[in-house]
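Here's a quick tour of one protein model, taking in a helix, a couple of pockets and some ring pairs. Have a look at the fold before reading on.

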Amino acid sequence: MTLLLFGLFFLFMLLGVPIAFAIGASTLYALHQAGVPLMVVTQQMFQGINSFALVAIPMFILAGDLMAQGKVSERLVAFADSLVGFMRGGLSIVSVMAGMFFAAISGSGAATTAAVGSSLVPELKRKGYDPASAASLIAASGTIGVVIPPSVPMIIYAVIAQQSVSTLFLSGFLPGLAMGAALIAIAITQAYKRRYPKGTPLSLATILGTFKAAIWGLMTPVIILGGIFSGIFTPSEAAVVAVNYALLVSLFIYRDLTLGQVYRLLLRSAMTTAVIMLVIAMSAVLSWTLSSWQVPGAIAQSVLSLSTNPLVVMLLVVAVILLTGVFIETASALIILTPVLLPLVLQLGIDPIHFGLIIVVGLSIGMITPPVAINLYVASSVTQLPLERITRAIVPYMLGLVGVLLLVVYVPIWLGWSGS
């Protein structure tokens, strides 16, 4: 029955069936063939989304949309430019820094790519930067959006693995900073190789001026993450605070959003949330089915029969994560892989928080690996460049991020940061 289930799933995927329906239809048919009462489907769907932590998902999505639609991203870019724009290839570094700033607000890779790209692309073109390389760097920087907290994939993983969202958030800072550092190093190398121009001279007055203009946006992660880690509110409550703060800043302080735009953003966020929740509900049925048939345990034993060396097994796990991210979008891949791989890594003695970092960072790289590469599509839309050109230019940045992923897997400093 397991072969039937996965065979149908991949068949539906090849036919272009949406991921939620591919999961649901293949699982439903396999259960029917196994003689399982189908009432279990609705029960597990409800159980899968019956979690208070999931309330944070629509709220963080909406907060990110509100910040991206307004002028917050432009002010963050200006502030980053005042700090490092004087260097050769400074705008490349600004792309990464702005992505990291916005990552601490949105929790979404696509939103980060769109916000930074729309603000920086015209200036990058004007300064003579290679358009494809600039677009690919912005897309690569967008991957940090799901690693530096708040992070929607981290919330999903925490719910499935029954781990603390706050602990996972706190553990995400160092990997996110490492990703940013890798991208900056590659960008600086290319800037000197291509002799990109230096930017405006360093000026304390400019730094103070842009900081003053960006302070409301910079305060967003301070309020959200400070409130979570100080225990003032939970991650779910923090998401609601983020929405209210974003509305306050956009409507009454910066005044760059109208009520009509807010209404359209509410509809867009609701549709995005509906898709994610449907995938989670369908995947809950799949997880229950696989657990009932003891599939994760069988997979774990099969892998361990190849090698009991944790270094080798984790390399195989990383390969599976990266390959899955190529074909399935982040949230769906996370929901499918977690119940399958988590029992395996637990047998190796890997901390579940550590594995959460591994799978989130690994799947974030899938955002820039075609054919399912949402960040590349967003960057292509923003820059009006063919996807093929951006894809060729993304290779060095992708390799840098894979290097960071291997550090996350094999260098045990991340859990020390989280206090585990």
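Contact here means heavy atoms within 4.5 Å. Helices are DSSP runs (H or I, at least four residues), numbered from the N terminus. This is a predicted model, where local features need pLDDT of at least 70, side-chain atom pairs count only at pLDDT 80 or more, and totals for chains, interfaces and linings use all residues. Residues are numbered from 1 along each chain as its sequence is written, and side-chain values use heavy atoms, with hydrogens and water left out.

Let's start with H8. This helix covers residues 131-142, twelve in number, and spans 17 Å from first C-alpha to last, close to the 16 Å expected at 1.5 Å a residue (1.5 Å times one less than the number of residues). Eleven of its twelve residues are buried, so H8 is largely enclosed by the rest of the structure; buried means under 20% relative accessible area, exposed over 50%, and partly exposed in between, with a 1.4 Å probe and protein chains only. What covers the buried residues of H8 includes H6 (90-106), H7 (109-126), H11 (173-194), H19 (374-383), H20 (387-393) and H21 (395-410).

Now the pockets. On a 1 Å grid over the protein atoms alone, a pocket is an open set of points where a 1.4 Å probe fits, with protein on both sides within 12 Å along at least five of seven lines; lining residues have an atom within 4 Å of a point. A volume is the space filled by probe spheres set on the points.

| Pocket | Volume |
|---|---|
| Largest pocket | about 940 Å³ |
| Second largest pocket | about 620 Å³ |

The second largest pocket is lined by 22 residues, with Phe-6, Phe-10, Val-320, Thr-324 and Leu-337 closest to its centre. For the largest pocket, the lining has 37 residues, and Ser-108, Ala-110, Ala-111, Thr-272 and Ile-374 lie nearest the centre. H7 and H19 are among the helices supplying at least two residues each to that lining.

Last, the rings. The whole structure holds six aromatic pairs (Phe, Tyr or Trp rings, the last by its six-membered ring, with centres within 6.5 Å; planes under 30 degrees apart are stacked, over 60 edge-to-face, the rest tilted). Tyr-129 and Tyr-196 make a tilted one, 4.3 Å centre to centre with 35 degrees between the planes. Tyr-129 sits in the loop between H7 and H8, and Tyr-196, 67 residues apart from it, in the loop between H11 and H12 (204-229). Both tyrosines, Tyr-129 and Tyr-196, are buried.
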